[in-house]
Amino acid sequence: MHKFLRSIGFGAYQKKKEIVRLLDELEKTAGERRRIQIESDSNLCEIRGEVAPGMGVVMVGETDEDGIFRRDYYYPYLTGQHISSETECSIQRHTEKETFGGLLDENRVGISLIFFVNNGFEYIERRLDQVSLKVKCVKLTGLSAEGKILLPLHKTQKQIEKAQVAARDRCSLLEAARNGDEDAMETLTIEDIDMYSQISRRVMKEDIYSIVDSSFMPTGIECDQYTVIGEITQVEEKVNRISDELVYDLTLNCNDMVFHVGIARRDLLGEPVVGRRFKGQIWMQGVAVFESEDKTDAEGEDASS
């Protein structure tokens, strides 16, 4: 069983036979089917079985000579509408399967953010058609198998504005440091030392979650899983049409980056409310939005030359 299948409302499906029957049912009722011919004797098929708006299971395999779909692997997915990042993104294929990972040098989280590319089939199509593979932006989502709700921190409007200015200044310093600016490196080092000393003093008398407003940290040995703490800005309830389980689609603001997190109600401790915070481990996914080539402009330039 895929670890995060429970995140979209299939927590009751534990045995292999149950999951096989579930996938067979999703295959029969799936509305979106895509197929591309890779070589003369091989093809790649993708079937998306949606169980709620923007949420479901992707099945990938091959169609044989008799037109029968042969499933190779599957994974759950969640899509979101918010643009999470517009920084430069590179995409690489995974070793074992025809799946892809994306890499974002995102200064706001302070690390190179790696995510599972949710629209890898589109990437393959564009590559075969020799269309531009440059990524314009990324819409990130996460699936969580366990999480909890934390109370919000009380902040004045002045404190919020001050934190936003500090975050922008830090992003500018990080960008300058990446480009080799020694003064920016020194400033960042001093800021980190000051922050460490402040936290060390406060943690003696305060709870750590009253000091740390939000965080974004890699967890475990898999590169696309993170432990996050983020403010809930929107809560949407989705009902899995097959299992009737309730799934929360939480919009989070984490380190000034917005993305969606899906988690089953049974796996969430506490009541999600706008303004409160979510803490949990997530498997990060993302939809890469590719740049579209403007053929009209290109034809106009050719004609004028």
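# Pockets, cavity, aromatic pairs and cysteines

The second largest pocket has a volume of about 580 Å³, in a structure that is a predicted model. About 2100 Å³ of space lies in the largest pocket, while the largest cavity holds about 100 Å³. A search of the whole structure also finds eight aromatic pairs and zero disulfides.

**Second largest pocket**

- The lining of the second largest pocket consists of 26 residues, and those nearest its centre are His94, Thr99, Phe116, Glu222 and Asp224.
- Strands S4, S5 (89-93), S6 (100-106) and S7 each contribute at least two residues to the lining of the second largest pocket, and the largest share, four residues, comes from S5.
- Sorted by class, the lining of the second largest pocket comprises eleven nonpolar, nine polar and six charged residues.

**Largest pocket**

- The largest pocket is lined by 42 residues, of which Lys155, Ala163, Met195, Asp213 and Ser214 are the closest to its centre.
- Helix H3 (157-178), helix H4 (182-202), helix H5 (208-211) and strand S9 each supply at least two residues of the lining of the largest pocket, with H3 giving the most, eleven residues.
- The lining of the largest pocket divides by class into 17 nonpolar, twelve polar and 13 charged residues.

**Cavity**

- One cavity of 30 Å³ or more is found when the whole structure is searched.
- The largest cavity is lined by 14 residues, and Glu46, Tyr75, Glu98, Gly120 and Phe121 are the closest to its centre.
- Strand S2 (42-52), strand S4 (69-78), strand S7 (111-117) and helix H2 (120-128) each provide at least two residues of the lining of the largest cavity, and H2 accounts for the largest share, three residues.
- In the lining of the largest cavity, nine residues are nonpolar, three are polar and two are charged.

- Among the eight aromatic pairs that the search finds is the one between Phe216 and Tyr226, a tilted pair with 4.8 Å from centre to centre and 40° between the planes.
- Phe216 belongs to strand S9 (residues 215-218) and Tyr226 to strand S10 (residues 225-239), so this pair ties together parts that are ten residues apart in sequence.
- Both members of the pair, Phe216 and Tyr226, are buried.
- One aromatic cluster is formed by Phe4, Tyr75, Phe116 and Trp283; of these residues, Tyr75 is also one of those closest to the centre of the largest cavity, and Phe116 is one of those nearest the centre of the second largest pocket.
- A charged side chain also meets a ring, in that Arg48 lies over the face of Tyr77 at 4.8 Å from the ring centre.

**Cysteines**

- The search of the whole structure returns zero disulfides, and for Cys137 the closest cysteine sulfur, in Cys89, is 10 Å from its own sulfur, which is too far for a bond.
- Cys223 is likewise in no disulfide, the nearest cysteine sulfur being that of Cys89 at 13 Å.
- Cys137 counts as buried because its relative accessibility is 5%, under the 20% limit for that class.
- Cys223 has a relative accessible area of 48% and is therefore partly exposed, as exposed residues are those over 50%.

How values were computed: Residues are numbered from 1 along each chain as its sequence is written. This is a predicted model: local features need pLDDT of at least 70, side-chain atom pairs count only at pLDDT 80 or more; totals for chains, interfaces and linings use all residues. Side-chain values use heavy atoms; hydrogens and water are left out. Rings of Phe, Tyr and Trp (its six-membered ring) pair if their centres lie within 6.5 Å; planes under 30 degrees apart count as stacked, over 60 as edge-to-face and the rest as tilted. Buried means under 20% relative accessible area, exposed over 50%, partly exposed in between (1.4 Å probe, protein chains only). A charge sits over a ring if NZ of Lys or CZ of Arg is within 6 Å of the ring centre and within 35 degrees of the ring normal. On a 1 Å grid over the protein atoms alone, a cavity is a set of points where a 1.4 Å probe fits but cannot get out, and a pocket is an open set with protein on both sides within 12 Å along at least five of seven lines; lining residues have an atom within 4 Å of a point. Grid points are joined across faces, edges and corners, and a volume is the space filled by probe spheres set on the points. Ala, Val, Leu, Ile, Met, Phe, Trp, Tyr, Cys and Pro count as nonpolar, Asp, Glu, Lys and Arg as charged, and the others, Gly among them, as polar. A disulfide is a pair of cysteine sulfur atoms within 2.5 Å.
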